[in-house]
Protein chains: 2
Amino acid sequence: MNEPRTIVAGAQTNPRLFEVEANVSKCLGNLEEAAVHGAQLVVFPECATTGYCFDSRAEAMSVAEPVPGPSVERFLTACRRLHVYTIVGMPERAGEKLYNSAVFLGPEGIVACYRKVHLPKLGLDRFADHGPGPLQVYRSPVGAVGLYICYDSAFPEAARVMALEGAEVLVHPTNWPVGVEGTPRHIVYARAIENVVFHVSVNRVGDERGYHFIGQSKIISPDGEELAAAGPDREEIIYASLALAEARSKGRMSSPGHESNRFRDRRPEFYGAITQQPPQARPS
Amino acid sequence: MNEPRTIVAGAQTNPRLFEVEANVSKCLGNLEEAAVHGAQLVVFPECATTGYCFDSRAEAMSVAEPVPGPSVERFLTACRRLHVYTIVGMPERAGEKLYNSAVFLGPEGIVACYRKVHLPKLGLDRFADHGPGPLQVYRSPVGAVGLYICYDSAFPEAARVMALEGAEVLVHPTNWPVGVEGTPRHIVYARAIENVVFHVSVNRVGDERGYHFIGQSKIISPDGEELAAAGPDREEIIYASLALAEARSKGRMSSPGHESNRFRDRRPEFYGAITQQPPQARPS
């Protein structure tokens with residue numbers, strides 16, 4: 001039986017701060033290379049068009065773009081020519097607002113623009129506005145895609161919400177610096193296993209204003225198998241072929257004749273506290 | 001500054017199916033050994049008193065005990081004599097009900113009896129009744145302890161609820177068989193990191209009715225550091241000294257002068273779907 005598959009590529013790049021034209025040109029080169037190698041969806045890091053370590057909101061605003069806008073148009077032109085989809089992290093300017101966004105683009109145009117909802121006190125995110133949400137799933141010819149960015153994955157709720165809404169693959173542009181090694185080592189596997197979904201994290205490499213980024217882009221299967229992984233320090237493209245149906249059934253045989261199911265076996269009646277902020281975390 | 005610490009031991013054992021008297025005697029030997037080595041809390045596996053791979057409810061009921069009951073009394077006597085706390089997995093009979101429980105015992109008596117709420121289709125759990133919940137935190141002289149068992153950890157909500165209610169350490173008696181290697185390899189680290197809590201998983205070893213158990217008991221710090229780990233195939237006791245205060249602040253410096261906080265940075269307004277069962281998982 002030929003199950004439908006999506007060939008995904010992750011382009012681990014080293015964006016140069018402020019150099020939008022050069023960064024986008026390099027991404028378009030990667031997009032073409034990956035498409036030539038059969039990729040149907042090509043994922044780039046967070047802030048792939050601009051770099052990340054801005055020191056002020058004004059700096060970030062100076063390279064943020066509207067969606068649609070000039071860089072999005074360049075990617076869309078390439079998507080149409082190459083018959084490929086792409087997900088690209090980029091700072092977005094929307095009137096007075098500044099978002100840390102990821103655009104999902106394809107031959108037919110803009111599929112989605114996701115604005116990061118969980119913001120760490122780091123780089124661009126110190127100056128960005130909170131995304132208005134919700135965390136949601138985008139049905140597309142390359143699968144049911146849940147989209148989130150970097151620090152979003154630290155919160156198990158984010159991946160969970162998208163998996164419960166039917167995501168087959170979670171796509172996760174990121175900028176992991178030194179200090180978050182536990183994320184590529186453990187968290188991305190946990191998000192795949194606990195939700196029985198494919199998980200695609202694409203990080204950057206290189207240094208920027210004293211921050212070193214650790215690469216290790218990874219594509220994980222719904223059973224926690226590492227399908228592809230990049231190294232810690234160089235630009236490269238990784239590939240995996242995703243049998244999306246593996247993410248649609250949440251059941252696995254736990255003993256002969258008996259199936260446990262990661263969704264059906266949930267007990268939501270006990271999870272109410274998750275929709276509250278605990279007293280010690282509320283602003284004082 | 002001398003921070004309060006709790007010295008925890010995990011006793012990775014090989015229970016013999018049905019042999020309650022011998023299993024409890026062996027546990028009491030481990031309890032004494034660990035107490036002599038300074039442990040203040042000694043954790044045993046799921047179903048440590050009986051084994052796990054029952055083939056019928058009647059089989060399980062034949063060795064399940066009330067709480068309090070004869071085996072609990074033996075442990076309590078030892079806790080009083082040794083001035084130590086213990087958490088022990090055991091099948092519990094409560095009238096007509098059968099639970100997969102973990103009892104939390106100390107010198108002053110029974111601290112808690114937790115009844116497993118997430119049941120896989122495996123071993124005892126095929127015949128057990130669902131625990132009535134809630135998932136909760138037990139304040140004790142050895143810390144604020146969240147208690148859950150084996151398959152409960154597959155659901156990120158379970159650990160999350162207890163962390164949000166103030167757990168400093170999640171204690172997790174388990175019976176991991178072949179096939180769930182991703183749990184000791186990734187899930188237990190993720191539960192610690194994402195909730196900024198200590199995580200103590202104590203598994204069994206050995207074989208039972210065709211099932212092989214994989215050991216690898218682990219104690220993880222709130223930053224995902226492995227504080228202690230047991231091997232895959234032999235009985236042993238592991239130890240770690242937990243500085244519980246590390247689990248009380250959820251903040252970590254993400255850039256100089258800027259603190260990200262795994263609790264404060266949550267966005268609960270987007271997590272509502274977690275309290276629902278998705279349509280495809282509802283019984284048809």
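This is a short tour of helix α3 in chain A and of a helix pair in chain B.

The model is predicted, with local features needing pLDDT of at least 70 and side-chain atom pairs counting only at pLDDT 80 or more, while totals for chains, interfaces and linings use all residues. Residues are numbered from 1 along each chain, chains are lettered from A, and side-chain values use heavy atoms, without hydrogens and water.

**Stop 1: α3 in chain A**

Select residues 70-82 of chain A: this helix has 13 residues and reaches 19 Å from first C-alpha to last, close to the 18 Å expected at 1.5 Å a residue (1.5 Å times one less than the number of residues). Helices here are DSSP runs of H or I with at least four residues, and strands are runs of E with at least two.

Now colour A:Ser71, A:Val72, A:Phe75, A:Leu76, A:Ala78, A:Cys79 and A:Leu82, the buried residues (under 20% relative accessible area with a 1.4 Å probe, protein chains only; exposed is over 50%).

Just past the helix, A:His83 has a positive phi of about 55°.

**Stop 2: α1 and α3 in chain B**

Select residues 20-36 and 70-82 of chain B: the two axes come within 11 Å and cross at roughly 15° (lines fitted to C-alpha atoms over the stretch in contact, with angles from 0 to 180 degrees between N-to-C directions). That makes α1(B) roughly parallel to α3(B) (under 35 degrees). Among the contact residues are B:Leu28 and B:Leu31 of α1(B), and B:Phe75 and B:Cys79 of α3(B).

Note on methods. Parallel < 35°, antiparallel > 145°, perpendicular 65-115°, else oblique. Contact = heavy atoms within 4.5 Å.
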